[in-house]
Amino acid sequence: MVPLPDDRWRGGHLGRLLGEALRRFDARVLHLMAHDAEVPLALSNLAARQQVGAAHVHITRHLSLRGSRLTELAQAAGMSKQAMGDLVAQCEAWGLVRRESDPRDARARRIVFTPDGLLWLDAFRRAVAQAEAEFAAQVGQEVATVVAIGLEAYAQA
């Protein structure tokens, strides 16, 4: 019998660690948002029941405050237009966003935050700040700063 190769590297390479860290970070952010008193109750309940997932956070992360076309939003999130369209439809049903005419092109539609969506966005800002502070408390401020600088440099390359 041929011995199997050592595959321990698969569990600890940078891509896997980044993916696990992102899942943990997003889960913490969504947990915090589910328990934020400023989030409209219906949205808080959706988050608490884990109906809002990391994919929905793409809209929160990437939707411009001035609004975005679906193609722009999909490109910014690294998703297909169809997948983003499905997410937008869900967020529209939940009252986070609405579609409106694009003032630059009457044929086009823009996705914009609703007033509840802006409350959700503000809760997202607070949750991200708290999750980042918790990360820094766990690994130390110097390590957290180096990680942030390194990830920023890597993402921009």
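Reader: With which residue does R126 form a salt bridge, and how far apart are the closest N and O atoms?

Author: In general, side chains of opposite charge can pair when their charged atoms come close. The criterion applied here is a side-chain nitrogen of Lys or Arg within 4 Å of a carboxyl oxygen of Asp or Glu. In this predicted model, R126 pairs with D36, the closest N and O atoms being 2.7 Å apart.

Reader: How many helices and strands does the protein chain have, and in what pattern do they follow one another?

Author: Helices (H or I, at least four residues) and strands (E, at least two) are DSSP runs, numbered from the N terminus. The protein chain has 7 helices and 2 strands, in the pattern α-α-α-α-α-β-β-α-α along the sequence. Its C-alpha atoms fill a box of roughly 65 × 40 × 35 Å, taken along the principal axes.

Reader: Are R126 and D36 buried or exposed, or does either fall in between?

Author: Buried means under 20% relative accessible area, exposed over 50%, and partly exposed in between (1.4 Å probe, protein chains only). R126 is partly exposed, because its relative accessibility is 26%. D36, with a relative accessible area of 14%, is buried. Across the protein chain, buried residues make up 32% of the 157 residues.

Reader: Which other residue meets R126 in a salt bridge?

Author: D122 does, with an N to O distance of 2.7 Å. D122 and R126 both lie in helix α6, 4 residues apart, about one turn of the helix. D122 is partly exposed, because its relative accessible area is 31%. The count for the model comes to 15 salt bridges.

Reader: Which residues are linked in a network of salt bridges?

Author: The network links R69, D102, R104, D105, R107 and R110. Within it, the side chains of D102 and R110 meet at 3.4 Å, N to O. D102 counts as buried at 3% relative accessibility, and R110 counts as buried at 10%. D105, in strand β2, is likewise buried, with a relative accessible area of 19%. The side chain of D105 also reaches the backbone nitrogen of R107 at 3.0 Å. That is a polar contact, a pair of N or O atoms within 3.5 Å; within protein, one must be able to donate a hydrogen and the other to accept it, and residues adjacent in sequence count only if both atoms are side-chain atoms.

Reader: In what sense do β1 and β2 pair, and over how many bridges?

Author: Two strands pair if DSSP finds at least two bridges between them. Strand β1 (residues 97-102) and β2 (105-113) pair in the antiparallel sense over 6 bridges. A hairpin joins β1 to β2 through 2 residues, and V97 stands opposite F113 in β2.

Reader: Where is T114 placed, and which residues does it contact?

Author: T114 is in the loop between β2 and α6 (115-139). Contact means heavy atoms within 4.5 Å. Leaving aside its neighbours within four places in sequence, T114 is in contact with G95, L96, V97 and R98. Its side chain reaches the backbone oxygen of G95 at 2.4 Å. T114 counts as buried, because its relative accessibility is 11%.

Reader: Which residues make the nonpolar surface patch?

Author: Patches are made of residues with over 30% relative accessible area and no salt bridge: like charges are joined within 9 Å, nonpolar side chains (Val, Leu, Ile, Met, Phe, Trp, Tyr) within 5 Å. Accessible areas come from the Shrake-Rupley method with a 1.4 Å probe; for residues, only the protein chains shown count as cover. Here L14, L18, F135, V139, V143, V147, L151 and Y154 make a patch of about 680 Å². Helix α7 gives the most, with 4 residues. V143, found in helix α7, is partly exposed at 42% relative accessibility.

Conventions. Residues numbered from 1 in each chain as written. Predicted model: local features only at pLDDT ≥ 70, side-chain atom pairs only at ≥ 80, totals over all residues. Heavy atoms only, no water.
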